[in-house]
Amino acid sequence: MKKLVFPILIVVVLFSCNGPKSGPLVKEEYYSAEKEQAKENGMGMGMGQGQSSAGSKVALEKANVSVVPCEGCIKIADLLAGKKDFAGKAIKIKGSVTKFNAEIMGKNWIHLQDGTEFEGVYDLTVTTDRVVSVGDIVTFEGKIILDKDFGYGYFYSVLMEDGKIVK
């Protein structure tokens, strides 16, 4: 039995690696230069035109939407342009749901677009306990968090946490 433990351990370690910059032995400094560059550009790692402002590894397409903001709402472009002014504050934002991911790290992850953009970024990610459908027009109120790094390349330059749907 003891002779099998070490080979099994090696196999588990080798198969837990998902390519460069991943695996149990990878240190933060191996990709810190890329993360710093992403921060300077106000984007997530590996993100370019057509990807989420949140740093999602999945490319998002710009939706053909034009959402009229509600009273007291901030447009996505205005949020991104003045993100430091909104850091740590609760704001309202209205948009069209372009992507919904349920129950990741105990939260639902929603991508919103309102038809505006700032420097090629047009998407805001919201974490919430609410369930919505792609295409829904919703208004969320939540706290804006800057430079949130979940590791493994999931860096969010702007994120709304614990969004609550408001009427």
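Modeller: A disulfide joins C70 to C73, with an S to S distance of 1.8 Å. This is a predicted model, and the count comes to one disulfide. The link of C70 and C73 is right-handed, with 55° about the S-S bond. Its two cysteines fall into separate accessibility classes. C70 has 23% relative accessibility and therefore counts as partly exposed, since buried means under 20%. C73 has a relative accessible area of 14%, so this cysteine is buried.

The strands come next. Strand β1 covers residues 90-104 and pairs with β2 in the antiparallel sense, over six bridges. Within this pairing, V97 has L112 of β2 as its bridge partner. The hairpin of β1 and β2 has two residues between the strands, and M105 takes a positive phi near 55° there.

On β2 there is also a pairing with strand β3, residues 124-128; this one is antiparallel too and runs over five bridges. Here N108 stands opposite T128 in β3.

Strand β2 spans residues 107-113, and six of its seven residues are buried, so the strand is largely enclosed by the rest of the structure.

Terms used:
Residues numbered from 1 in each chain as written. Predicted model: local features only at pLDDT ≥ 70, side-chain atom pairs only at ≥ 80, totals over all residues. Heavy atoms only, no water. Buried < 20%, exposed > 50% of the residue type's maximum accessible area, 1.4 Å probe, protein only. Helix = DSSP H or I, 4+ residues; strand = E, 2+ residues; numbered from the N terminus. Pairing = 2+ DSSP bridges. Disulfide = S-S within 2.5 Å.
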